[in-house]
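Hello,

Have a look at it first, and then read on for what I found.

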Amino acid sequence: MAMEISSVLQGGYNHPTSRTWQSQRQLTKSMLMYPIFITDEPDARVEIASLPGQCRWGVNRLKEFLGPLVQMGLKSVILFGVPVHCNKDERGTPADDPEGPVIQAILKLRSLWPDLYIATDVCLCEYTSHGHCGLLNEDGTIDQVPSVARLAEVAVNYAKAGAHCVAPSDMMDGRIRAIKLGLIDAGLANKCLLMAYSAKFASSLYGPFRDAAGSAPSFGNRKCYQLPPGAKGLARRAIIRDVNEGADVIMVKPAMPYLDVIQDAAELAPNHPLACYQVSGEFAMVVAGAEKGVYDLKTMAFESVEGMLRAGCTLILTYFTPQFLEWLEA
């Protein structure tokens with residue numbers, strides 16, 4: 001018996017070119033944002049053992065590090081400060097030190113490559129003596145009001161230094177509104193994009209990042225402000241909240257275990273660009289599997305991000321960015 005006409009699908013994807021037509025989005029270089037770690041040792045290049053191929057970089061090494069990638073088409077980076085020699089305190093004072101690694105890196109990158117898009121992570125955990133993402137009450141719980149005020153202050157100072165984007169990753173309630181108002185008051189809201197880590201989950205996949213940034217909390221954990229992994233409803237509410245508070249881009253983090261949340265975000269914020277962060281543990285797992293011969297690294301790397309594109313992402317933060325810049329040339 002002949003098949004139903006509607007059952008015959010393979011002719012539509014039997015050729016490599018026609019296979020590309022089946023995807024609603026194709027990965028392009030402009031969709032990639034490269035997370036980089038900037039230390040306060042100006043000449044440093046320190047390999048991160050748990051994050052293969054990644055390093056902490058000093059400001060004086062940025063030209064040699066990023067120059068070849070810019071030549072290959074790197075469009076954007078996001079900066080994470082890794083202070084080594086500063087005096088950390090309870091309010092994260094070094095976060096926006098004009099001589100600190102983030103602001104110095106912004107100035108350096110703006111001078112080297114005026115067209116390179118520079119985003120800055122906004123959080124306090126790398127700079128506080130206790131390693132938490134906000135200021136604390138005496139009992140060790142988050143003191144929300146001064147936490148939000150401090151985060152807004154840091155974000156505005158990054159924008160004043162020349163950041164094109166500020167991206168708060170702390171998950172404090174109300175920080176998007178506070179940062180937006182701070183940018184408006186500083187006359188920078190029309191010049192600096194606000195990218196909200198809206199659905200950031202309390203994941204086990206952040207371990208290599210915490211090694212890289214030295215940002216593990218000195219006590220307790222972050223489960224009272226990062227979302228529980230099963231909290232689909234909370235994630236949806238957080239996305240809606242951040243849209244209403246003035247976010248210009250919505251982000252979901254991590255990516256691969258939360259593709260359903262990415263799809264929810266695409267439906268809840270259809271008029272916003274949608275980002276996801278393929279976090280350090282995701283990257284390390286893909287690399288480890290390839291090293292064990294489970295799959296080909298390039299093939300699996302593309303498969304991983306194609307799932308994110310399929311779910312609705314238009315921007316992907318990934319440590320695979322250098323490889324993708326090369327692979328997309330082929």
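A word on contacts to begin with: two residues touch when they have heavy atoms within 4.5 Å. Please also keep in mind that this is a predicted model.

With that in hand, let me start at L66. Leaving aside residues up to four places away in sequence, L66 touches Y34, I36, L74, V77, L109 and W113. L66 and Y158 are the residues with the most contacts inside the largest nonpolar core, which has 107 residues. Which element gives the largest share of this core? That is helix 4, with 9 residues. As a general point, nonpolar side chains tend to be buried together in soluble globular proteins.

In helix 5, which runs over residues 175–185, the buried residues are R175, I176, I179, K180, G182 and L183. Looking down the axis of helix 5, you will see these buried residues within an arc of 160°, so they line one face of the helix. R177 and D185, on the other side of helix 5, are exposed. What covers the buried residues? The cover includes helix 4 (144–161), strand 6 (165–168), strand 7 (193–200) and helix 7 (232–244). After helix 5 comes G187, with a positive phi near 70°.

Next, a loop residue. T128 sits in the loop between strand 5 (117–122) and helix 4. Is T128 buried or exposed? Its relative accessibility is 3%, under the 20% cut-off, so T128 counts as buried. Not counting residues up to four places away in sequence, T128 touches K88, D89, E90, R91 and G92.

Last, the annotated site. An unreviewed UniProt entry places the feature "binding site" at S280 and Y319.

Y319 lies in the loop between strand 10 (315–318) and helix 11 (321–327). Y319 is buried as well, with a relative accessible area of 0%. The side chain of Y319 is joined to that of Y277 by a polar contact of 2.7 Å.

Happy browsing, and best wishes

Methods
Residues are numbered from 1 along each chain as its sequence is written. This is a predicted model: local features need pLDDT of at least 70, side-chain atom pairs count only at pLDDT 80 or more; totals for chains, interfaces and linings use all residues. Side-chain values use heavy atoms; hydrogens and water are left out. Buried means under 20% relative accessible area, exposed over 50%, partly exposed in between (1.4 Å probe, protein chains only). Helices (H or I, at least four residues) and strands (E, at least two) are DSSP runs, numbered from the N terminus. The arc is that of the directions from the helix axis to the C-beta atoms. A nonpolar core is a set of buried Ala, Val, Leu, Ile, Met, Phe, Trp, Tyr and Cys residues joined through side-chain atoms within 4.5 Å. UniProt positions are given in the numbering used here, feature names are shortened, and annotations may be inferred rather than shown by experiment. A polar contact is a pair of N or O atoms within 3.5 Å; within protein, one must be able to donate a hydrogen and the other to accept it, and residues adjacent in sequence count only if both atoms are side-chain atoms.
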